[in-house]
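Dear colleague,

I am handing over the structure below, and I would ask you to keep it open while you read the notes that follow it.

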Protein chains: 4
Amino acid sequence: MKNVAVLTSGGDSPGMNAAIRAVVRTGLYYNLNIFGVKKGYEGLLSNDIKKMNASSVGDIIHKGGTFLKTSRSEEFMTENGRKKAVENLKTRNIEGLVVIGGDGSFRGAQTLSREGIATIGIPGTIDNDLAYTDFTIGFDTAVNTVLEAVTKIRDTSTSHEKTTIIEVMGRYCGDLALYAGICGGAESIIVPEDPLHIDEIAGRINKGKERGKLHHIIMLAEGAGDAKSLQKDLIDKTGESARISVLGFIQRGGDPTAGDRLLASRMGVKAVEELLKFNSSKVIGVRNNQLFSEDIDQALGKKKALDTSIYSMAEILSL
Amino acid sequence: MKNVAVLTSGGDSPGMNAAIRAVVRTGLYYNLNIFGVKKGYEGLLSNDIKKMNASSVGDIIHKGGTFLKTSRSEEFMTENGRKKAVENLKTRNIEGLVVIGGDGSFRGAQTLSREGIATIGIPGTIDNDLAYTDFTIGFDTAVNTVLEAVTKIRDTSTSHEKTTIIEVMGRYCGDLALYAGICGGAESIIVPEDPLHIDEIAGRINKGKERGKLHHIIMLAEGAGDAKSLQKDLIDKTGESARISVLGFIQRGGDPTAGDRLLASRMGVKAVEELLKFNSSKVIGVRNNQLFSEDIDQALGKKKALDTSIYSMAEILSL
Amino acid sequence: MKNVAVLTSGGDSPGMNAAIRAVVRTGLYYNLNIFGVKKGYEGLLSNDIKKMNASSVGDIIHKGGTFLKTSRSEEFMTENGRKKAVENLKTRNIEGLVVIGGDGSFRGAQTLSREGIATIGIPGTIDNDLAYTDFTIGFDTAVNTVLEAVTKIRDTSTSHEKTTIIEVMGRYCGDLALYAGICGGAESIIVPEDPLHIDEIAGRINKGKERGKLHHIIMLAEGAGDAKSLQKDLIDKTGESARISVLGFIQRGGDPTAGDRLLASRMGVKAVEELLKFNSSKVIGVRNNQLFSEDIDQALGKKKALDTSIYSMAEILSL
Amino acid sequence: MKNVAVLTSGGDSPGMNAAIRAVVRTGLYYNLNIFGVKKGYEGLLSNDIKKMNASSVGDIIHKGGTFLKTSRSEEFMTENGRKKAVENLKTRNIEGLVVIGGDGSFRGAQTLSREGIATIGIPGTIDNDLAYTDFTIGFDTAVNTVLEAVTKIRDTSTSHEKTTIIEVMGRYCGDLALYAGICGGAESIIVPEDPLHIDEIAGRINKGKERGKLHHIIMLAEGAGDAKSLQKDLIDKTGESARISVLGFIQRGGDPTAGDRLLASRMGVKAVEELLKFNSSKVIGVRNNQLFSEDIDQALGKKKALDTSIYSMAEILSL
């Protein structure tokens with residue numbers, strides 16, 4: 001293994017830059033040539049590939065987004081597309097590729113590894129929707145970003161004594177709502193993994209009001225229901241209109257937290273070490289704070305489940 | 001003047017606490033008795049009025065929202081309601097009242113002054129929609145809050161090379177969109193005071209793309225059009241779908257900035273000084289960084305216009 | 001177990017409020033009476049103990065510091081002092097006590113448990129200097145606070161192309177310097193656990209300059225050396241004067257991060273569950289992201305060592 | 001006027017990038033050629049001058065520091081140095097120069113204007129120590145940065161019920177201490193313009209303690225006294241040791257606030273417009289929120305005085 005490339009693909013997440021930096025510097029440390037690919041798989045097709053040195057990744061560890069840019073490439077999904085990608089890599093004698101992204105990106109990596117390119121995946125997505133790993137790069141930042149928003153919303157909802165529905169990202173996985181809900185002191189948390197119990201929520205609001213509670217925060221994952229219909233149902237059952245706040249794309253940005261920078265750095269180092277051991281078609285994960293690597297197939301076959309110990313804690317703490 | 005009350009009314013804004021603190025401490029400094037009224041005019045009706053001392057306003061200057069709470073009271077709009085309010089004030093020999101809020105709150109103050117209560121208004125609203133004053137308390141914080149969101153959105157929109165529509169508050173007044181747009185480096189700013197020119201915006205996006213611009217930010221005031229129809233029109237004219245981010249209630253919260261804390265402090269001091277001069281039915285404003293007071297009638301009669309020197313600067317800087 | 005008290009002791013740390021909240025709400029969930037003790041062990045002596053309900057801990061999960069206050073009590077160190085403390089607890093039939101603090105606070109808890117009070121310790125300190133647990137409450141926030149400072153310092157040190165020495169807390173344990181150094185992209189990290197190699201650091205600075213590096217950050221734990229003498233030595237060896245920035249008490253404050261709120265919540269729940277099992281003289285810890293409890297004696301007997309896998313990573317990444 | 005250059009000089013301040021951006025884009029708007037000079041006057045000597053286009057200043061409005069870099073050049077102070085600078089400008093037919101910096105930088109601009117280069121100064125320094133203008137670029141950000149630190153320090157000083165001395169920048173001008181003191185709710189503010197009254201401060205602390213105040217913040221400008229001797233004196237007079245926090249270089253960094261970005265943008269536009277009117281040896285200032293230009297000589301001849309209306313307000317509000 002002499003020549004290794006790195007790319008980011010799919011939705012961006014804070015900490016991707018720290019991961020790229022770790023891949024580049026670890027590669028250089030082990031005397032590899034490291035190449036950066038622009039715009040994900042698209043850059044493999046358009047041959048937008050540049051050799052990197054230690055300075056290429058200077059002053060980026062603290063920046064959100066990905067300086068290599070990212071995209072979702074449709075052409076790469078075709079056989080012709082993948083052929084072109086492999087050719088462009090082989091012309092430069094690039095034997096190894098680190099792919100930072102989510103499950104779609106990992107499937108792309110898997111295909112390339114069948115064509116003789118050693119590929120290692122690093123999980124980068126704010127959704128934390130990959131079953132094989134406890135955490136993905138960007139999740140800790142996203143939770144903290146939601147918490148900052150909750151603190152701001154508390155100011156105004158307390159002043160007005162209002163109920164607020166905060167809708168956060170998470171189409172299939174409720175982790176962002178769950179963690180931000182518990183850490184933000186939400187009274188109710190609604191995740192896609194557990195059906196919405198409108199009577200229970202209305203009951204909590206009504207009970208809280210009796211106790212003199214000044215406001216009530218409902219943390220809703222986007223995949224778990226529609227904020228507007230929830231608002232409508234709550235008017236019927238509590239007599240009051242809740243405010244809605246859809247946090248949107250701010251959840252994807254921001255300077256990465258310490259947690260994400262560290263996880264990204266550790267995973268970047270490990271990814272290169274895997275390539276040096278001639279491993280391929282593997283993804284890096286973290287379980288109980290220990291890094292590991294696993295076959296992509298196996299990893300993608302797992303089904304993400306809600307952490308019930310955390311979920312049941314919400315019940316106790318939102319008293 | 002021996003007994004003075006203070007309340008916050010209508011929508012809350014960051015810096016209201018600093019204004020209350022200044023009213024309380026200035027009153028005490030001049031040996032007045034100061035009373036805090038809870039939940040705006042509602043507290044006048046329900047007699048939720050408490051005597052305050054220096055410690056009552058300790059550790060609040062830096063906090064968003066209003067610790068006196070606020071509301072929009074319908075009962076106060078009735079003659080009976082106002083009668084009750086005046087009675088509750090007179091029972092306590094409260095002769096002066098400082099009202100922190102927007103134009104609706106000022107109209108309430110005006111009515112009370114006709115009943116013999118000396119009233120002074122302090123402008124507190126993030127919208128900056130009061131024509132008689134350059135700035136209102138909360139506006140500087142709201143602009144900075146929007147800028148923080150823009151910085152986060154930039155991370156992800158640059159990584160994806162996307163156009164983003166950011167919708168901010170401002171039903172009739174585009175100041176928040178204008179200031180946040182200029183300071184956030186938005187390429188296009190759309191305000192209620194100036195009709196939307198879709199072709200011009202699409203032209204800018206297309207020109208930017210030719211120049212290799214990585215992303216394009218459109219700052220849209222909520223009163224100036226609908227983000228979704230703008231998005232639809234832009235697909236027709238640029239061939240690409242812009243992302244939408246509606247910032248919502250986070251714009252109302254957050255620790256007040258230095259600018260808002262200072263303005264609130266200065267206005268709170270001035271309001272009490274006006275009462276000590278036996279003035280009534282006046283509002284405090286700031287023009288060219290100088291405080292002044294003005295009759296409520298006169299102040300509310302003015303029509304807010306866009307600052308054209310700032311607006312035309314946007315044209316130059318968004319090149 | 002029917003009556004349980006909670007206190008915070010020693011240096012405060014962000015997340016202590018979240019831990020108190022979890023103790024109170026978990027206690028109430030299991031139908032216990034929960035008492036809050038003010039100012040640490042001092043409040044046990046002065047009998048400053050109040051019964052708490054769910055609202056007592058409302059709106060505090062996101063706030064730094066500890067609303068129960070904290071102190072270092074000298075009187076409690078005496079036998080008479082401890083006797084008085086036990087009396088005050090027994091008068092109220094308080095059988096269990098949760099102590100949130102560092103090693104000194106744990107020793108106090110241990111003494112009380114010998115007097116028949118069941119005690120459980122929760123590790124709260126920004127220093128992360130307790131060997132028996134991977135992390136303490138407040139550490140994640142402190143690392144992130146240092147990172148924010150590093151980002152600000154980068155702006156000015158890059159503009160001036162200067163070397164900066166950033167001194168952070170950590171008298172005996174270099175974890176804060178180590179984690180903030182790695183995550184802040186520091187070129188050199190100096191911890192008490194490893195002697196300072198001035199020639200190595202000067203060498204890195206000189207090498208960096210040749211490579212065109214615009215600035216160089218040295219992260220120094222306060223226990224590892226003196227910033228001023230380091231500055232002096234560097235002038236001799238690099239010909240240039242580094243700037244010094246001593247971060248000080250800001251490292252102790254700030255809204256707790258998601259990580260600290262979650263850890264604090266989990267530990268608070270577990271502490272109460274330990275008391276319900278009639279356990280005493282135990283501390284709660286986290287190892288590989290799993291909570292556990294351990295005898296205080298045993299826990300305090302361990303010697304904290306630097307995480308060598310993290311420390312050696314710094315070498316690779318600061319290339 | 002066809003060719004104009006811009007540089008930043010002396011200490012950097014947040015908002016300098018926004019000012020550069022405004023100069024460049026306004027120049028291009030008026031069809032000028034705009035050149036960026038690296039590292040202040042040093043770049044004029046070393047001929048480190050590059051032509052800029054609209055993209056050169058893309059994505060920088062929100063970033064602290066100055067991407068053109070800055071320095072204090074000793075060679076430029078010599079006649080030979082200045083000669084070389086003028087030659088390098090004339091070779092490129094650069095007739096106008098915008099200098100962003102403090103009084104030292106303005107003196108440099110003045111010298112160049114005597115050699116036939118039209119120069120316009122823009123005030124950029126966090127100290128706000130220029131008498132001719134109400135505000136300088138970077139001051140609003142620095143005040144807000146200090147306030148963030150005060151909020152963090154409050155958490156821990158309230159928890160411990162401690163007095164804290166916060167030392168901020170300001171060698172000759174106390175504005176940063178004054179504004180941050182008032183907006184941070186400091187109980188005492190010590191500025192170079194007014195001698196330190198130790199008995200008064202000790203009296204306030206003692207009186208506050210009687211009233212049950214949980215903490216006391218002393219905001220000290222670095223030019224107004226030494227934190228350590230103040231600490232020593234306070235022990236004698238209050239019986240307690242205050243904590244010291246020296247904020248240091250973080251005050252120079254950080255993303256610029258809306259206020260600074262707007263001021264910088266306005267001043268950048270105005271500087272170019274002055275050059276287009278063939279003005280030279282002038283500085284841009286703001287008085288009562290109105291921009292103006294003034295002869296450098298005249299501007300530098302003024303003596304900065306404390307704003308007594310603000311200073312006396314501190315007395316009332318810190319009750």
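In this predicted model, 100% of the interface residues of chain A are also interface residues in chain C, so the copies meet through the same surface. Chain A can be laid on chain C with an RMSD of 0.0 Å by a turn of 180° and a shift of 0.0 Å along the axis, the superposition being by least squares on the C-alpha atoms of residues with pLDDT of at least 70 in both. The two copies are therefore related as by a two-fold rotation axis, and the C-alpha of chain A nearest that axis belongs to A:Asn288, at 2.4 Å.

An unreviewed UniProt entry lists several residues under "binding site", among them A:Met169 and A:Glu222, although such annotations may be inferred rather than shown by experiment. A:Met169 lies in the loop between β6 (163–168) and α6 (175–183) of chain A, and because its relative accessibility is 13%, it counts as buried (under 20%, with exposed over 50% and partly exposed in between, using a 1.4 Å probe and protein chains only). A:Glu222, in the loop between β8 (216–221) and α8 (227–238) of chain A, counts as partly exposed at 28%. Leaving aside neighbours within four places in sequence, A:Glu222 is in contact (heavy atoms within 4.5 Å) with A:Glu167, A:Val168, A:Met169, A:Gly170 and A:Arg171.

Residues are numbered from 1 along each chain as its sequence is written, while chains are lettered from A and ligands numbered from 1 in the order in which they are written. Local features need pLDDT of at least 70 and side-chain atom pairs count only at pLDDT 80 or more, whereas totals for chains, interfaces and linings use all residues, and side-chain values use heavy atoms, with hydrogens and water left out.

Best wishes

Technical notes. Helices (H or I, at least four residues) and strands (E, at least two) are DSSP runs, numbered from the N terminus.
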